[in-house]
Amino acid sequence: MSSTARRQLSSAPLLDAIAGRTPTRTPVWFMRQAGRSLPEYRQVREGIGMLDSCFMPELLAEITLQPVRRHDVDAAILFSDIVVPLKAAGVNVDIVAGRGPVMETPVRSRADVEALPRLEAPVPGLSEGIAGILGELRDDQVLIGFAGAPFTLASYLIEGGPSKAHQRTKALMHTEPDTWHALMERLVEIVVAFLRQQIEAGIDVMQLFDSWAGYLSAKEYREYVLPHSTQIFSEIEQAGIPRIHFGVTTGELLGDMALAGADVVGVDWRVPLDEAARRIHAAASSKVLQGNLDPAMLFTGEDVLRGEIRRIKEEARRAIEAGHATGHIFNLGHGVLPDTQAEAITKAVALIHEEA
């Protein structure tokens, strides 16, 4: 699995940080940097459904590039949604405003799992959209592709939509483990197919989001989730691109998540970076850290923001000096909040680049 479309980048700060080199500036990108915080996003998406926009190559490229142009971030994150490969495979799913992804028919039995379609054809518009993005990025800016991790996708499928307790999901994994693992194996196939298309189209880095993993105990994660996430990272390894793993409220799982095989582990804002690095190093090996500014800090003003950026950079420095981490990519501890002022994001990026 390789790509003739992949650019040869020799001066990208984000790739330098991952490789353990000293980047020319601290690399930064923000999860959900493309989206509702930008007036230009609201304008181009007016009257177009969220999922529909993910299959329209020119719109997909435009939305992905908007924050890169405005904020001077060091990476574009592909505009998509974790349920896009499910939708492309034939699962009847829609994103309902104010709620999130909703499944017409939940997956609750072995027969439901066996009826789940495979992603056997390329996702429409995806490769063309990536080509459009790559054509505009500078040589020091990378494109990050992504996919949702099997556990998070499974929870949406089983619950029928977002859940606060994931009770049906946990009940299935504990009472019908064979059905659970069969579902996860089917989802691994879908995720890998989705990522392979992105890789072949030329993405520079990939990130696996396990949004709901923080609802699991360490024992549940190790038994029911880790083997499947590990398989994804293993199958993608041959592509030769850096791999990032991220979950929310996963402070107690950081070491286990690091074992899945990614090069970079994302950390939310609840755990200091040097402590996160210590947990990761103790369980696995030293990794590059990604994170971890609280998204709410983008509402505070320059003085507070500068102090928080300095603190996080210092934590990363301590982790690297201790041998517990090999590099640092600045990011939020989760995604940009929808009502964040675009100017605050631009200011944060400038401060991150400016602060030594």
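## Overall fold

In the protein chain, 77% of the contacts with a separation of 6 or more are between residues 24 or more positions apart. The model behind this value is a predicted one.

The secondary structure of the protein chain consists of 15 helices and 9 strands. The radius of gyration is 19 Å, close to the 21 Å that the globule rule gives for 356 residues, so the protein chain is as compact as a globular protein of that length. The C-alpha trace spans about 55 × 45 × 40 Å along its principal axes. Of the 356 residues, 57% count as buried, where buried means under 20% relative accessible area.

## The largest pocket

Rolling a probe the size of a water molecule over the atoms shows where empty space is left. The largest pocket has a volume of about 1,400 Å³. Its lining is made up of 43 residues, and those nearest the centre are Arg-32, Arg-36, Met-50, Ser-80 and Asp-81. By class, the lining of the largest pocket has 24 nonpolar, 11 polar and 8 charged residues.

E2 gives the most, with 3 residues.

## The second largest pocket

The second largest pocket has a volume of about 370 Å³. It is lined by 17 residues, of which Pro-23, Thr-26, Arg-317, Ile-320 and His-328 are the closest to its centre. Helix H14 (302–321) and strand E9 (325–332) are the elements that give two or more residues to this lining.

H14 provides the largest share of the lining of the second largest pocket, 4 residues. The lining divides into 6 nonpolar, 6 polar and 5 charged residues.

## The annotated segments

An unreviewed UniProt entry carries the annotation "domain: Uroporphyrinogen decarboxylase (URO-D)", which covers residues 27–36 and 144–160. Arg-32 and Arg-36, listed among the residues nearest the centre of the largest pocket, fall within the annotated residues 27–36.

Over residues 27–36 the chain is 0% helix and 0% strand, whereas over residues 144–160 the chain is 59% helix and 29% strand. The end C-alpha atoms are 23 Å apart for residues 27–36 and 28 Å apart for residues 144–160.

Methods: Residues are numbered from 1 along each chain as its sequence is written. This is a predicted model: local features need pLDDT of at least 70, side-chain atom pairs count only at pLDDT 80 or more; totals for chains, interfaces and linings use all residues. Side-chain values use heavy atoms; hydrogens and water are left out. UniProt positions are given in the numbering used here, feature names are shortened, and annotations may be inferred rather than shown by experiment. On a 1 Å grid over the protein atoms alone, a cavity is a set of points where a 1.4 Å probe fits but cannot get out, and a pocket is an open set with protein on both sides within 12 Å along at least five of seven lines; lining residues have an atom within 4 Å of a point. Grid points are joined across faces, edges and corners, and a volume is the space filled by probe spheres set on the points. Ala, Val, Leu, Ile, Met, Phe, Trp, Tyr, Cys and Pro count as nonpolar, Asp, Glu, Lys and Arg as charged, and the others, Gly among them, as polar. The radius of gyration is taken over C-alpha atoms; the globule rule is 2.2 Å times the number of residues to the power 0.38. Buried means under 20% relative accessible area, exposed over 50%, partly exposed in between (1.4 Å probe, protein chains only). Contact means heavy atoms within 4.5 Å.
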